[in-house]
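Mentor: Take the labels one at a time. Ask for the cut-off behind each.

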Amino acid sequence: MQKKKGVAPKGVPTRGKKKRLVYKKPEVAFEKMMEPVKSRFGLKNILQAIVGAILLAIPIGFTEETWRLGESLPMSNIIMILFFSLFFITLFAYRNLSKHKPGFYWYDLTKRVITMYIISFVIVTLLLWIIQRAPWGTDWVLALKRTIIVAFPSSLSATIAGNLK
């Protein structure tokens, strides 16, 4: 008994003419289409994000210009920097999470953006506290301003590093 060319058993995907998967059973195709496409965000990504946050937090956190910028900028500008930071993280993460994926989950994107910013914020806070440029006990507003300013590039580098394969 000879097998027909291009015919596979039921439920096994075959390659069609347009190089797409063709299923013999419609329920298998439906299950594959409805299967959630979740991105993995594990310990490796978190460690990469920590390294990425440190990469730009150190050179920027040690410059006097950022310390003075924190003193001189009004809080409204600092809030705008915070929103810019979150916007660019979201833009980059969306681009990487939605690339070639039919099903996209906003929960995954939100989780990744918040995690990346929190990691960066904590790294910058620790760095500025260690070099005594974030007076959290005496002037927490100044410490917050400086931390948000330095966390802007730090969070972007953390996002890029956290998405490396």
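Trainee: Where does V51 lie?

Mentor: V51 is in helix α2, residues 43-61. Helices here are DSSP runs of H or I with at least four residues, strands are E runs of at least two, and numbering starts at the N terminus. The model is predicted, so local features need pLDDT of at least 70 and side-chain atom pairs pLDDT 80 or more, while totals for chains, interfaces and linings use all residues. Residues are numbered from 1 along each chain as its sequence is written, and side-chain values use heavy atoms, without hydrogens or water.

Trainee: Why is V51 called exposed?

Mentor: Its relative accessible area is 51%. Exposed means over 50%, buried under 20%, partly exposed in between, with a 1.4 Å probe and protein chains only. So V51 counts as exposed.

Trainee: How far is V51 from A161 in sequence and in space?

Mentor: The two are 110 residues apart in sequence and 7.4 Å apart C-alpha to C-alpha.

Trainee: Which elements does the chain have, and in what order?

Mentor: It has six helices and two strands. From the N terminus they run β-β-α-α-α-α-α-α. Of the 165 residues, 35% are buried.

Trainee: What makes T147 buried?

Mentor: T147 lies in helix α6. Its relative accessible area is 0%, so T147 is buried. Beyond neighbours within four places in sequence, T147 is in contact (heavy atoms within 4.5 Å) with F121, V124, T125, L128 and W136.

Trainee: Which residues form the nonpolar patch on the surface?

Mentor: W140 is one of them, with M75, I79, F83, I114, I118, V122, L126, W129, I130, W136 and V141. Together they have about 1,200 Å² of accessible area. The elements giving two or more residues are α4 (75-98), α5 (106-130) and α6 (140-162). The largest share, six residues, is from α5.

Trainee: What makes residues part of a patch?

Mentor: Each has over 30% relative accessible area and no salt bridge; nonpolar side chains (Val, Leu, Ile, Met, Phe, Trp, Tyr) are joined within 5 Å, like charges within 9 Å. Areas come from the Shrake-Rupley method with a 1.4 Å probe, and for residues only the protein chains shown count as cover.

Trainee: How many residues does the largest nonpolar core have?

Mentor: It has 29 residues, and those with the most contacts inside it are Y117, V124, L128 and I148. The elements α2, α4, α5 and α6 each supply at least two residues. The largest share, nine residues, is from α5. A nonpolar core is a set of buried Ala, Val, Leu, Ile, Met, Phe, Trp, Tyr and Cys residues joined through side-chain atoms within 4.5 Å. Leaving aside neighbours within four places in sequence, Y117 is in contact with L82, S85, L86, I89, I148, A151 and S155.

Trainee: How do you know that E64 and R68 form a salt bridge?

Mentor: The N to O distance is 2.6 Å. The rule asks for a side-chain nitrogen of Lys or Arg within 4 Å of a carboxyl oxygen of Asp or Glu. Both sit in helix α3 (residues 64-72), four residues apart, so about one helical turn separates them. E64 is partly exposed at 41%, and R68 is exposed at 53%.

Trainee: How many salt bridges are there by this rule?

Mentor: Two. E71 also pairs with R146, with the closest N and O atoms 2.7 Å apart. This pair links distant parts of the chain: E71 is in helix α3, R146 in helix α6, 75 residues apart. At 6% relative accessibility, R146 is buried.

Trainee: Why is the F87 and F88 pair called edge-to-face?

Mentor: The ring centres are 5.4 Å apart and the planes are at 65°, so the pair is edge-to-face. Rings of Phe, Tyr and Trp (its six-membered ring) pair if centres lie within 6.5 Å; planes over 60 degrees apart count as edge-to-face, under 30 as stacked, the rest as tilted. F87 is partly exposed at 48%, and F88 is partly exposed at 33%. F84, F87 and F88 form one aromatic cluster.
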